[in-house]
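Dear colleague,

Please find below the structure that I am handing over to you. A summary of its architecture follows the files.

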Amino acid sequence: MRSGFVTIVGRPNAGKSTLLNALVGAKLAIVTHKPQTTRNRVQGILNVPAKKGRPATQVILIDTPGVHRAETRLNEKMMREVHEALEGSDLILMITDVSHKSDAGDQYVLDLVTRANTPIFLVLNKVDKIEKPKLLPEIERWSRLYNFKEVIPISALKKDGLDDLLRVIVNALPEGPEYFPKNQITDQPERFLASEIIREQVLISTAQEVPYASTVVIERWEDEPKLTRIAAAIYCEREGQKAILIGKQGMKLKEIGTAARLQIEKMLSKKVFLELFVKVQPEWRNSRRFVEEIDWRRQLENLVGPTE
Ligand SMILES: Nc1nc2c(ncn2[C@@H]2O[C@H](COP(=O)(O)OP(=O)(O)OP(=O)(O)O)[C@@H](O)[C@H]2O)c(=O)[nH]1
Ligand SMILES: [Mg+2]
């Protein structure tokens, strides 16, 4: 048996979460067109059956926040998540958006991943957005910057090139144990995926600073035989943002709640009663304590006690 931890690293918006979801075949991480959508690392587990002389392989993919310069405590925490994901990983997928003009940001990511002393594959994403003749010069340009173990063009959105990518990943992983039971596809409990689904709707349906100043905390989760009752708080930083999130006669909050509820119902295969509240926590993004408290791993510890 082979297994290993494969960390997906790249700039905000490169398509990391899209790739994780596409490879695992389930929506484990939220995706929006806004940069800095992902705030926590999330594992997606993929069991690849044995094939012609190659043993069965468990691939543990780790989606991470986009690499950026941190200006708030929240952003520092996001970058810590990237560093923690890189620690102990067997392989790094450095993913970049080929349709985007490359600049110092890419070099910054490259400097970060090359320091990890781990094999690196370069994944050139969004090839569906560029004309074919532009791809080869892009591959050559990157190959001059670093001696990547593999360079793989893909479209995570259109699911192009994923078989090739998975094949080279599996071949690169060492002998190892089955870290997770076969039926488990993520380390992130449903409770927290639900809060992410709500946050995704906030990101989609608000503009400017509101999406960045918002976070979602599940305050109550009650499983009944035919229904799950969920109460969640959307935190923002100012009264003005709260007014936007609630909207005229509560319409915005209702829109967010309905869209999120439908998705949570699909995930749980159960009816959901979702109550949303908007709360103001001034400057929470710069509060070390608040940022730690909303981390789902920390919340999980508070719910069930430390796991290790
Ligand atoms: N055309 C095209 N769009 C893509 C592709 N992959 C991702 N996208 C889009 O790019 C945007 C960002 O995708 P995400 O998966 O959220 O990117 P990310 O790297 O996880 O972003 P952060 O979490 O903010 O760091 C979304 O609008 C995706 O639909 C692709 O292969 N082709
Ligand atoms: Mg993401």
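The notes below go from the overall fold to the sheets, the helices and the ligand.

This is a predicted model, in which local features need pLDDT of at least 70, side-chain atom pairs count only at pLDDT 80 or more, and totals for chains, interfaces and linings use all residues. Residues are numbered from 1 along each chain as its sequence is written, while chains are lettered from A and ligands numbered from 1 in the order in which they are written.

Overall form

The protein chain contains 10 helices and 9 strands; these are DSSP runs, numbered from the N terminus, with helices being H or I of at least four residues and strands E of at least two. Its C-alpha trace spans about 55 × 40 × 35 Å along the principal axes.

The six-stranded sheet

An open sheet is formed by 6 strands in the order β2-β3-β1-β4-β5-β6, with mixed pairing; two strands pair if DSSP finds at least two bridges between them. At the edges stand β2 (42-48) and β6 (150-153), each with a single partner strand, so one side of each has no neighbour in the sheet. Direction ignored, neighbouring strands of this sheet are turned by 25° against each other on average. Strands β1 (residues 2-10) and β3 (residues 57-63) run parallel and are joined by 7 bridges. Arginine 2 has threonine 57 of β3 opposite.

Two helices lie across this sheet. Helix α3 (residues 104-114) lies across β1, β4 (91-97) and β5 (120-125), at about 180° to β4. Helix α5 (residues 162-172) lies across β1, β2, β3, β4, β5 and β6 and runs at about 155° to β6. For these angles, axes are lines fitted to C-alpha atoms, for helices over the stretch in contact, and the values run from 0 to 180 degrees between N-to-C directions. Two residues are in contact if their C-beta atoms, placed from the backbone, lie within 7 Å.

The three-stranded sheet

A further open sheet has 3 strands in the order β7-β8-β9, again with mixed pairing. Its edge strands are β7 (215-223) and β9 (271-280), each of which pairs on one side only. The twist from one strand to the next averages 20°. β7 and strand β8 (residues 227-236) run antiparallel, joined by 8 bridges, and form a hairpin with 3 residues between them. Within this pair, valine 217 has alanine 233 of β8 as its bridge partner, and threonine 215 has tyrosine 235 of β8. β8 and β9 pair in the parallel sense over 10 bridges, with isoleucine 234 opposite valine 278 of β9.

Helix α7 (residues 239-246) lies across β8 and β9 and runs at about 155° to β9.

The α6/α8 pair

Helix α6 (residues 190-205) packs with helix α8 (residues 251-268) at an angle of about 145°, their axes being 9 Å apart. The contact includes Leu193, Ile197 and Val202 of α6, and Ile256, Ala260 and Met267 of α8. By class, the residues of this contact comprise 11 nonpolar, 3 polar and 3 charged. In this classification Ala, Val, Leu, Ile, Met, Phe, Trp, Tyr, Cys and Pro count as nonpolar, Asp, Glu, Lys and Arg as charged, and the others, Gly among them, as polar.

The ligand

There are 24 residues around ligand 1, of which Gly15, Ser17, Thr38, Gly66 and Leu157 come nearest; a residue is near a molecule if its C-beta atom, placed from the backbone, lies within 6 Å of it. The shell around ligand 1 has 7 nonpolar, 13 polar and 4 charged residues. Helix α1 (residues 16-24) supplies the largest share of this shell, 3 residues.

With kind regards
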